[in-house]
Amino acid sequence: MKRHFLLSALLLLSTAILAVSAQNARKHELPKLPYALGALAPKMSQETLEYHYGKHYKAYIDNLNTLIQDTPYAGMSLEEIVVKAPNGPIFNNAGQSLNHQLFFLGMSPAPQSQPSGALAEAINKEFGSFDRFKAQFARAAAGIFGSGWAWLATDKAGNLRITTEANAGNPLRYGLIPLMGLDVWEHSYYIDYRNRRAEYITNYWDLVDWKVVGQRYDRR
Ligand SMILES: [Fe+2]
């Protein structure tokens, strides 16, 4: 009877250990794109996607999975890590994983070309018009010194803000919700545009899917 109890206890313990390690082994994965790698050409070429999505973005996710092993971050979502991790390699790779997810999944070869619904109203209220928003955002993105991101972000109440971030920065870090992020690291445009960042920014407007951005705004 005593032996039976011991065996049952051991079985329970090993099940619990397996459950915990399964949670810790949760892997972040490169999301599948809802379009083919060549579908954004010529504004963004297949070669750029092969490097930017297939190598740079994938490397951030692979690095993150390695770095978080056996740390308190192992079971967390990207968003949680971005909010909680101190500056350093874990934050950098989680930030870039989240940033690229928002960037790549926010584009489409056949996008909704203008905001609609509540987001359109908020843009008009904050910036005067969609065109004025685009001009202000483009200036912000062009003015980032070195590698970074330009963001359209919102607070919980729906007030919009354009922010700029160096390196892996994301407005989630200080309590805003990121809606649309433009990558201005050279790896995002150098194959197609060389040093012409302004031209890359101009062409980005033809790829942003305002349906996706609007859904993010509605879910805030
Ligand atoms: Fe990038």
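This is a predicted model: local features need pLDDT of at least 70, side-chain atom pairs count only at pLDDT 80 or more; totals for chains, interfaces and linings use all residues.
1. Residues are numbered from 1 along each chain as its sequence is written, and side-chain values use heavy atoms, without hydrogens or water. Local features need pLDDT of at least 70 and side-chain atom pairs pLDDT 80 or more, while totals for chains, interfaces and linings use all residues.

2. The iron ion is coordinated by H52 (NE2), H100 (NE2), D183 (OD) and H187 (NE2), at 1.9 to 2.1 Å. Donors are N, O and S atoms within 2.8 Å of the metal (3.2 Å for Na, K and Ca); water is not among the atoms, so sites may look incomplete.

3. The 4 donor atoms subtend angles of 89 to 132 degrees, so the arrangement is tetrahedral (four donors, all angles between 85 and 135 degrees).

4. H100 lies in helix α4 (residues 89-105) and D183 in strand β3, so the pair ties together parts 83 residues apart in sequence. Helices (H or I, at least four residues) and strands (E, at least two) are DSSP runs, numbered from the N terminus. H100 is buried, at 0% relative accessible area, and D183 is buried at 0% as well. Buried means under 20% relative accessible area, exposed over 50%, partly exposed in between (1.4 Å probe, protein chains only).

5. Helix α5 (residues 117-127) has L119, A120, A122, I123 and F127 buried. These residues line one face, because they fall within an arc of 165 degrees seen down the axis (directions from the helix axis to the C-beta atoms). The face turned away from that buried side carries the exposed E121 and K125.

6. After α5 comes G128, with a positive phi near 100 degrees.

Technical notes. Four donors count as tetrahedral if all angles lie between 85 and 135 degrees; four count as square planar and six as octahedral if opposite donors are over 155 degrees apart and all others between 65 and 115; anything else is irregular.
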